[in-house]
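Open the model in your viewer and keep the sequence panel beside it. We will go from the whole chain to a few selections.

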Amino acid sequence: MKRGILYLLLIGVTVSLSSCSDKKRSPSIVFMPDMYYPVAYDPYTEADFEYWPERNGEKSNVPLFGEHHQMTALWPVEGSVARTDEQMILPWELKNTLEDYNKSKAITVSPLDPANRKKDLERGEKLYGQTCAVCHGAEGDGQGSIVQSKAYSGVPTYAEREITLGSVYHVIMYGKNAMGSYAPQLTPVDRWRVAEYVINLRAKNSLNAAAPAPGAETPATTATAETTTDNTNQQ
Ligand code: HEC
């Protein structure tokens with residue numbers, strides 16, 4: 001019995017020693033290559049058998065890839081929301097209706113981080129200057145350059161409108177009457193920055209208006225107010 005175990009051990013050692021060799025051998029026939037060679041796919045490449053020497057150049061027939069020009073990148077899951085902002089700003093859920101416009105007025109806080117307020121307002125000012133000031137004027141008095149050139153009219157002052165942070169966002173998003181949407185020009189985070197800037201500007205202007213009374217603006221703006229009292233969204 002003891003000797004038997006000894007023999008077995010000896011055989012085992014010889015077999016394991018002799019099975020080691022530095023000679024490279026290739027297996028003769030592979031019956032099910034799919035099971036031996038994993039096909040690794042890089043994103044955004046055409047799905048072929050690049051990693052499979054015998055089939056290299058052939059198209060892969062993985063049905064999932066076939067849907068998308070044989071590309072390895074797959075479609076996002078249905079309902080996915082593209083997130084390209086530097087901050088996680090959720091989509092604006094309110095629709096382009098009068099009812100939702102009214103709801104937007106209840107929103108007075110933006111999702112921006114208050115710690116960045118100074119920078120946000122600076123960027124808001126810059127974007128306002130680029131996107132809105134031609135009509136609304138740098139001071140929000142409705143006297144932008146195209147209004148002064150008489151090419152365009154009906155731009156209200158911010159002070160005369162009952163606007164809130166949320167409603168400014170809403171109007172940037174969908175436009176209002178004669179004003180079109182500026183959503184394509186501004187990313188969601190930038191829309192908030194511009195909205196913050198507009199509300200700031202409006203607060204500053206009404207503070208100024210409360211002081212000694214410049215008065216000169218009032219007659220110029222009443223005419224525009226009359227033509228723009230209709231609050232319905234027409235887009
Ligand atoms: C082409 C000119 C034009 C540009 C550019 C423009 N607006 Fe306007 N905006 C208007 C007009 C006209 C109205 C008045 C619409 C109405 O009849 O209620 C208006 C109204 C508004 C109102 C008041 C809406 C309300 O709820 O009563 C806000 C706020 C506003 N604009 C913000 C912006 C912001 C922010 C930008 C830049 C992203 C911008 N606008 C760019 C023409 C413009």
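Helices (H or I, at least four residues) and strands (E, at least two) are DSSP runs, numbered from the N terminus.

Two notes before you select. Residues are numbered from 1 along each chain as its sequence is written. The model is predicted: local features need pLDDT of at least 70 and side-chain atom pairs count only at pLDDT 80 or more, while totals for chains, interfaces and linings use all residues.

Next, colour by burial. A residue is buried if 20 or more other C-beta atoms, placed from the backbone, lie within 10 Å of its own. Of the 235 residues, 17% count as buried.

Now select Tyr 128, Val 168, Tyr 169, Ile 172, Val 194, Ala 195 and Val 198. In the largest nonpolar core, of 18 residues, these touch the most other members. Such a core is a set of buried Ala, Val, Leu, Ile, Met, Phe, Trp, Tyr and Cys residues joined through C-beta atoms within 7 Å. Helices H5 (117-131), H8 (165-174) and H9 (188-210) each supply at least two residues of this core. H9 gives the largest share, 7 residues.

Zoom in on Tyr 128. Leaving out residues up to four places away in sequence, Tyr 128 touches Ala 133, Val 194, Tyr 197 and Val 198. Contact means C-beta atoms, placed from the backbone, within 7 Å.

Move to H8. Of its 10 residues, 9 are buried, among them His 170 and Met 173. Their cover includes helix H4 (98-104) and H9.

Finish at Gly 175, which follows H8 and has a positive phi, near 80°.

Note on methods:
A residue is buried if 20 or more other C-beta atoms lie within 10 Å of its own, exposed if 12 or fewer, and partly exposed in between; C-beta atoms are placed from the backbone. Two residues are in contact if their C-beta atoms, placed from the backbone, lie within 7 Å.
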